[in-house]
Amino acid sequence: METDSLEAVELINKARIEDVWFSPIVKDIVGHLRRPWEVLINHVNRLANSGADFLAKKGLKGSEDLEFINSPPSEMRDLLRDDFVGVVMPHE
């Protein structure tokens, strides 16, 4: 899994389930990471992950209701292609 939040990566990667009483979300994540599968949590620069950045901005503009997306919005397809081939977008 990749995220542009370095703080979240460090918190999750260093957390022990006994120490995350203050954050139910982190506790759930740490619990899932203990399952018998391999999950790597890495930091990726926001500029190198324009697809995720697009969805985050779209989420800020949308309603507070949970929305499931089964396929990428059409306006996101070029961003996904660019992410796949390694194009880094300039900072806005």
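This is a predicted model: local features need pLDDT of at least 70, side-chain atom pairs count only at pLDDT 80 or more; totals for chains, interfaces and linings use all residues.
View 1. Buried, as the word is used here, means under 20% relative accessible area. An α-helix has 3.6 residues a turn, so residues three or four places apart point the same way.

**View 2. The length of helix H3.** Helix H3 takes in the 12 residues 50-61, and at 1.5 Å a residue these should span 16 Å.

**View 3. A nonpolar patch on the surface.** Met1, Trp37 and Val39 together form this patch, with about 320 Å² of accessible area between them. Met1 lies in the segment before strand E1, the strand of residues 2-3, and Met1 is exposed, because its relative accessible area is 56%, where exposed means over 50%.

**View 4. The whole protein, as a setting for the close-ups.** The secondary structure comes to 4 helices and 2 strands, and the elements follow one another from the N terminus in the order β-α-α-β-α-α. Of the 92 residues in the protein, 21% are buried. Among contacts between residues at least 6 apart in sequence, 56% join residues at least 24 apart. The accessible surface of the protein comes to about 7,600 Å², and 56% of this surface belongs to carbon and sulfur atoms.

Note on methods. Residues are numbered from 1 along each chain as its sequence is written. Side-chain values use heavy atoms; hydrogens and water are left out. The expected span of a helix is 1.5 Å times one less than its number of residues. Patches are made of residues with over 30% relative accessible area and no salt bridge: like charges are joined within 9 Å, nonpolar side chains (Val, Leu, Ile, Met, Phe, Trp, Tyr) within 5 Å. Accessible areas come from the Shrake-Rupley method with a 1.4 Å probe; for residues, only the protein chains shown count as cover. A salt bridge is a side-chain nitrogen of Lys or Arg within 4 Å of a carboxyl oxygen of Asp or Glu. Buried means under 20% relative accessible area, exposed over 50%, partly exposed in between (1.4 Å probe, protein chains only). Contact means heavy atoms within 4.5 Å.
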